[in-house]
Amino acid sequence: MHSQPNETDVSVDPAAVERVRERRAELAPALGRTWTDGGPQRFLTDLTAIGSRMAGSEGERRAAAIVADAFERAGLSGIETRPFEMDAWERGDATLRVTAPGRDGAAATREFEALALPYSPEGSVDGALVDVGYGTPAEIDERDVEGRIAVASTTTPEGGRFVHRMEKFGYAIDAGAVGFVFVNHLDGQLPPTGSLTFGREADAVAVGVSKETGAWLREYAVGGGGGNGETAESRSVAQAELSVTATTEPGESRNVIGRAGPDTDERLLLVAHYDAHDIAEGALDNGCGIATVATAAAILTEADLPIGVDVVAVGAEEVGLLGAERLAERLDLDRVKGVVNVDGAGRFRDLVALAHASETAASVAEAVSTATNQPIAVDAEPHPFSDQWPFVRRGVPALQLHSDSGDRGRGWGHTHADTLDKVDDRNVREHAMLTALLVAEFAAPERDAPRLDRDDLVAAFREADFETGMRAADLWPAGWE
């Protein structure tokens, strides 16, 4: 989930600010070493050199070993790797052909580059393309998508929340579309990828295409431009053929767990996913995040923590938060004070803290921002599209650490261009220092962290206009009626 933050006003607790300042002074040697540490860049180089870290793949298994080694170097104790079963999706080929009648009556067929979206089933469909704009429910309702292939942008209009790919796909298919084409909104011939569902094969074939390809598809689409004021409704409609080869087979992912601080009944979780999509190196998403966590862990091992911190690298996030879900299912959540999820931190200059309807989480971020004189934009709005979700929906307060590029959307993420050269490891080191201070303050005995009230959480998701899209993506919890 990637969008510009909606900053939230939270009153700053002077006592918390003073605690953070004292802790900063205590950790000055560790923070100082981090300032010039070359470890994060070496870790990222090793991680991205693997290539694909797709969930369930050999590359993801190798990445877990690199993470375990980094946790050991950080000084974490009790390091273990816990495998779990999942449905592993593997891409084959994808083809997208458009046959359009010419002015002389002769038909011409053109083929466009396309990437299957994870958990797309194998199969072929044909029909007219229909332009559904940003792919919001309102836009899909305005178009007749029945029996057609929906074409939707990766971005959403300014002024509202960012509508996730799963919501767009699910709503379009529920409305009768037989296929789905996801169009990047950024230049550069970069078809996007991204899972269609949480951990299971989807109901229809779907592909990603570049912005440049999308412009051509809209020329041919119902509701798109046809030149000279024409639309596809006023001329012969082009026919598209969309086919995908892919497999979904039983597979295995794994979580890597280490521990900092004392062995107490009450714990705090610090998590980040280490898997990535198969079409790129995953340097930004989420190489930077797991590098931030590994670097923060080295600081936390030198902190006088009041409770234990479980540091967890979770697998299979990109295909449905499967590692985090497994973690939440296996833990006694009554013992978990809170969760800090690092998904998006370390990529860009300024840190963003998503508080997911928790006043405690928002207050922690404000205290650290004030005490360190570092800008942290705090956003209280919740969403279900990262590893905090399995915990938040069970009432555990959570803080997700992201970073602000100034642009709306994923940027290079989920494309071929998510590569090591995009990383500035200064961001990783600085965000690791802030992450360590955020975790320590969240763990403070003076910091009360009440459970999230279900009715309040439901209201927050409804106020943020998530219900329709989450139901379409089959993500709205059964008990939230």
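## Aromatic cluster

In this predicted model, W389, F461, F466, W476 and W480 form one aromatic cluster. Within that group, F461 and W480 are both buried. Their ring centres lie 5.4 Å apart with the planes at 55°, so the pair is tilted. Because F461 belongs to helix 13 (residues 454-463) and W480 to the segment after helix 14 (467-472), the pair ties together parts that are 19 residues apart in sequence. Another member of the cluster, F466, has R161 lying over its face, at 3.7 Å from the ring centre.

## The W216 and Y220 pair

The structure holds eight aromatic pairs, and one of them is formed by W216 and Y220, which are stacked at 6.2 Å centre to centre with 25° between the planes. These two residues are four apart in helix 7 (residues 211-220), so about one helical turn separates them. W216 is partly exposed, with a relative accessible area of 41%, whereas Y220 is buried at 17%. The charged end of R110 sits over the ring of W216, 4.8 Å from its centre.

Strand 10 (residues 267-273) is mostly covered, with seven of its seven residues buried. R267, L269, V271 and H273 point one way from the strand, while L268, L270 and A272 point the other way.

Strand 10 pairs in the parallel sense with strand 11 (residues 308-314) over seven bridges, and R267 stands opposite G308 in strand 11. The chain passes from strand 10 through helix 8 (residues 283-300) to strand 11 in a right-handed β-α-β crossover. Strand 10 also runs parallel to strand 12 (residues 336-342), to which five bridges join it, and here L270 stands opposite V340.

Note on methods. Residues are numbered from 1 along each chain as its sequence is written. This is a predicted model: local features need pLDDT of at least 70, side-chain atom pairs count only at pLDDT 80 or more; totals for chains, interfaces and linings use all residues. Side-chain values use heavy atoms; hydrogens and water are left out. Buried means under 20% relative accessible area, exposed over 50%, partly exposed in between (1.4 Å probe, protein chains only). Two strands pair if DSSP finds at least two bridges between them. A crossover is right-handed if, with the strands pointing away from the viewer, the path from the first strand over the helix to the second runs clockwise. Rings of Phe, Tyr and Trp (its six-membered ring) pair if their centres lie within 6.5 Å; planes under 30 degrees apart count as stacked, over 60 as edge-to-face and the rest as tilted. A charge sits over a ring if NZ of Lys or CZ of Arg is within 6 Å of the ring centre and within 35 degrees of the ring normal.
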